[in-house]
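Here's a quick briefing for anyone meeting this structure for the first time. Have a look at the model, then read on by topic.

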Amino acid sequence: GFGGNEERQLGIIYREKDKEGKEMESKYIPKLHNIQIQLNEIGDFSIKDIAAGDSYSLVLVTKKDNNQDFIIRLGINPKDKYRSNPDLVQSIKIDPIPVNISNIDRIYAFGKKRMFVTHDQQIYLNGTDFNRFNLSNYIQIPFDKGIQILLLGENFCLVYAKDGNIYGIGDNTYGQLGLNLPKNEVIKTTQNNNY
């Protein structure tokens, strides 16, 4: 990873010297840097997918001995940001997955939204919904057409389905869902738009 690391969303602490030669944590990493993730709670794991949000990153991993999925979050929680000693704040943590959800294939992130798709093509949303309200739990977005490609935008989601159609859900303020609807309307269910 490289770029902005203000919230340690790259999962590392990068230090450089200032003009006086004093070493300090840099909020910007100028070139690609190797990210090492070790969590004793998981042990050996393999990486399945990655996603980058606004001030965090997500790594979907599977534990090698039992194929259990975990989502590792890189970045500092806002409540930890202003602690007196930020070096003591762990920037790599496990985000819990509800016990009723298993076999995650892909994860997505945009802004404060997190989404994942399971092996049986179920879509789940967490973080904030498409109205920018905080979600306390994962919510399921009903969809039964099969997913070829899913893209998560700032406040909307597009799915290119196996039936050859594009479906959208979320904010259509600028017509980003390709639907001829009144401005500022949030689409509550996935709707089809033939192209």
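The side chain of Asp69 reaches over to the backbone nitrogen of Ile104, at 2.8 Å. Keep in mind that this is a predicted model. Asp69 itself sits in strand β7, which covers residues 69–74.

**Around Asp69**

- Is Asp69 buried or exposed? Its relative accessible area is 13%, so Asp69 counts as buried, the cut-off being under 20%.
- Setting aside neighbours up to four places away in sequence, Asp69 touches Lys48, Leu60, Val61, Thr62, Ile97, Ser102, Asn103 and Ile104.
- One of those contacts, Asn103, belongs to the loop between β8 (92–95) and β9.
- Asn103 has a positive phi of about 55°, even though it isn't a glycine. Most residues other than glycine have a negative phi.
- With 47% relative accessibility, Asn103 is partly exposed.

**The chain as a whole**

- The protein chain has 16 strands and zero helices.
- It runs to 195 residues, and 44% of them count as buried.
- Take the contacts between residues at least 6 apart in sequence: 36% of these join residues at least 24 apart.

- In soluble globular proteins, nonpolar side chains tend to be buried together.
- The largest nonpolar core here has 17 residues, and the ones touching the most other members are Met115, Ile123, Phe130, Leu150 and Cys157.
- Which elements give two or more residues to this core? They are β10, β11 (123–126), β13 (147–152), β14 (156–161) and β15 (166–171).
- There's also a second, separate core of 13 residues, with Ala51, Ile101, Ile104 and Tyr124 among them. Ile104 is also the residue whose backbone nitrogen the Asp69 side chain reaches.

- Which strand gives the most to the lining? That would be β5, with five residues.

- You'll find Lys112 in the loop between β9 (104–110) and β10 (113–118).
- Its relative accessible area is 49%, so Lys112 counts as partly exposed.
- What does the Lys112 side chain pair up with? It makes a polar contact of 2.9 Å with the side chain of Asp54.
- Apart from residues up to four places away in sequence, Lys112 touches Asp54, Tyr56, Asn126, Gly127 and Thr128.
- Lys112 and Gly53 are 59 residues apart in sequence, yet their C-alpha atoms are 6.5 Å apart in space.

**Other loop residues to look up**

- Arg8 lies in the loop between β1 (3–4) and β2 (15–17). It has a relative accessible area of 1%, so it is buried.
- The phi of Arg8 is near 60°, a positive value in a residue other than glycine.
- Asn155 is in the loop between β13 and β14. With 3% relative accessibility, Asn155 counts as buried.
- Not counting residues up to four places away in sequence, Asn155 is in touch with Lys113, Asp129, Phe130, Arg132, Gly170 and Asp171. Phe130 was listed above among the residues of the largest nonpolar core.
- Ser136 sits in the loop between β11 and β12 (139–141). Is Ser136 buried or exposed? Its relative accessibility is 69%, so it counts as exposed.
- Ser136 and Asn126 are ten residues apart in sequence, and 7.6 Å apart in space from C-alpha to C-alpha. Asn126 is also one of the residues that Lys112 touches.

Note on methods: Residues numbered from 1 in each chain as written. Predicted model: local features only at pLDDT ≥ 70, side-chain atom pairs only at ≥ 80, totals over all residues. Heavy atoms only, no water. Helix = DSSP H or I, 4+ residues; strand = E, 2+ residues; numbered from the N terminus. Buried < 20%, exposed > 50% of the residue type's maximum accessible area, 1.4 Å probe, protein only. Contact = heavy atoms within 4.5 Å. Polar contact = N/O pair within 3.5 Å; in protein donor to acceptor, adjacent residues only side chain to side chain. Core = buried A, V, L, I, M, F, W, Y, C linked by side-chain atoms within 4.5 Å.
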